[in-house]
Structure formats: structure tokens, C-alpha cells
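Please load the model in your viewer and keep the selection tool handy.

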Amino acid sequence: MKNIHLFIIALFSISVFSSCSKDDPNPEVDQEEVSGATLVFTEVKKVVNGSNVSYEDFAGAEVEKIEFKGNDLLPEVGAHLHLEKYKSYRFNLIVRDFAGRESQQTFVARDDQHFAFILGAPADALSISYADKKADGTAVKVGTVGYISVNKIAESFTFNYILRHLNPGVKSQIDLVKDITNKEYAKFGGANDLDLKFSLHLVEEDDHGHDH
């Protein structure tokens, strides 16, 4: 009887170990437990020096933001944003947990399993790059901080920001530049930490016919 008990315990231990070793991740921060999220867009000056591109802040820069609230993290009804042709913007994702504390750095700390996909824009309308940094200053590419340059005007479309929690090893399969706008992002196995949508309109520079 003692041997039977030991055998049952051994089987139970193997079962628990197998369950804990599954590759399928749970979302890093369950969207239903997030108290709010914000995407902030700050106009910056794009500086091109040969093959090097950098971005500089300047006084009086335009700052726009979209806030997402509720269990479904939806923007306010009618919320929309205008970005201007030939201008560049730094975007920052701010995520708050159930206690109202900023938690976006959690995704950056585990950069090997996180990557954002930005969908919805017409082809070649936007140029996007990422510029995340860990607490120690190490540069990584996740998508909580980055730059968007507007290449052409476009009618309003749904800007879809998807922050994906990837299965172990999957991020090595992603092209960190070309796949930012990959509509087939779901092929990179994992689960979505965030799925944010809002209306974006790309307009002519200094188009005063729109309310910014």
C-alpha cells in the first residue's frame, strides 16, 4: 500500500510540473485588471544625418493624448486624434494597474517576451520605430516608447495598438522593424496584454480646418 501511495504522489508531481511548464503565457497584466491606459503623442524634431536618424524635443511642442478606460479599455465616444503630414511624434504608453500605479515598465523589463504591433494605417502612411529603455538604460524594442513620422495624408482610420505577450523564444522570429505593422501578428504565438483602438486622421500640416 505504501508503494502505491508513493506512485500516486510521483504521478501528481509530474502532472503539476508539466502544467507549469506550458509555453502558452497568460497576459502580463490582464486587461480587465488594468485601471486605465494612455497613449501620449508629443511632436519632436526629426534630425537625419546620413544613415543616422534622431529626434529632438523642442519648446512649445504639441502634445496630444488618448485615454482608455473601463474593463474594455475604450476611449471616450468620439475621441480622435489628428497628426500632421511631414511631422514626427514621440509616443509613450502609460498603463496603470488596479491601484493606479504606472506599470508599463513591466513589459520593458521582460522585453524578450513583449512586442507591440501597430495596425490600421494605409500603406506607407506612417514610419514607426521603437525606443524603449530598461531601468539600467539598456536599449530594447518593445513599443511602449517610440517615434511616428507621418508621410502622407489619409482619411480617418482605426489605429490599433496591440501589445503582445509572446511565448518563450518567439520574439527571435520577429523582424523588430518590418513586423511592427504586420497584420498577421497572431502567428507569433502568445496572448495580447493590451488591445487599444482609436480614430486617427492624418492631415496636411497647419490644417486649421481640424480641431487638434
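Select T138 to begin: T138 is partly exposed, with a relative accessible area of 37% (partly exposed lies between buried, under 20%, and exposed, over 50%, using a 1.4 Å probe and protein chains only). T138 sits in the loop between β8 (132–133) and β9 (139–140); strands here are DSSP runs of E with at least two residues, numbered from the N terminus. This is a predicted model, where local features need pLDDT of at least 70 and side-chain atom pairs count only at pLDDT 80 or more, while totals for chains, interfaces and linings use all residues. Residues are numbered from 1 along each chain as its sequence is written, and side-chain values use heavy atoms, leaving out hydrogens and water.

Now show D136: its side chain makes a polar contact with the side chain of T138 at 2.8 Å (a pair of N or O atoms within 3.5 Å, one able to donate a hydrogen and the other to accept it; residues adjacent in sequence count only if both atoms are side-chain atoms).

Next, colour β12 (residues 190–203). Strand β4 (residues 80–84) pairs with β12 in the parallel sense over 5 bridges (pairing needs at least two DSSP bridges), and H82 stands opposite H201. Strand β11 (residues 154–166) runs antiparallel to β12, joined by 11 bridges, with L166 opposite G190.

Finally, select I118, T181 and K183, which are among the residues lining the largest pocket (an open set of points on a 1 Å grid over the protein atoms alone, with protein on both sides within 12 Å along at least five of seven lines; lining residues have an atom within 4 Å of a point). β6 (114–119) and β7 (126–130) each supply at least two lining residues.

Notes:
1 Å grid on protein atoms, 1.4 Å probe; cavity = no way out; pocket = protein on both sides within 12 Å on 5 of 7 lines; lining within 4 Å. Helix = DSSP H or I, 4+ residues; strand = E, 2+ residues; numbered from the N terminus.
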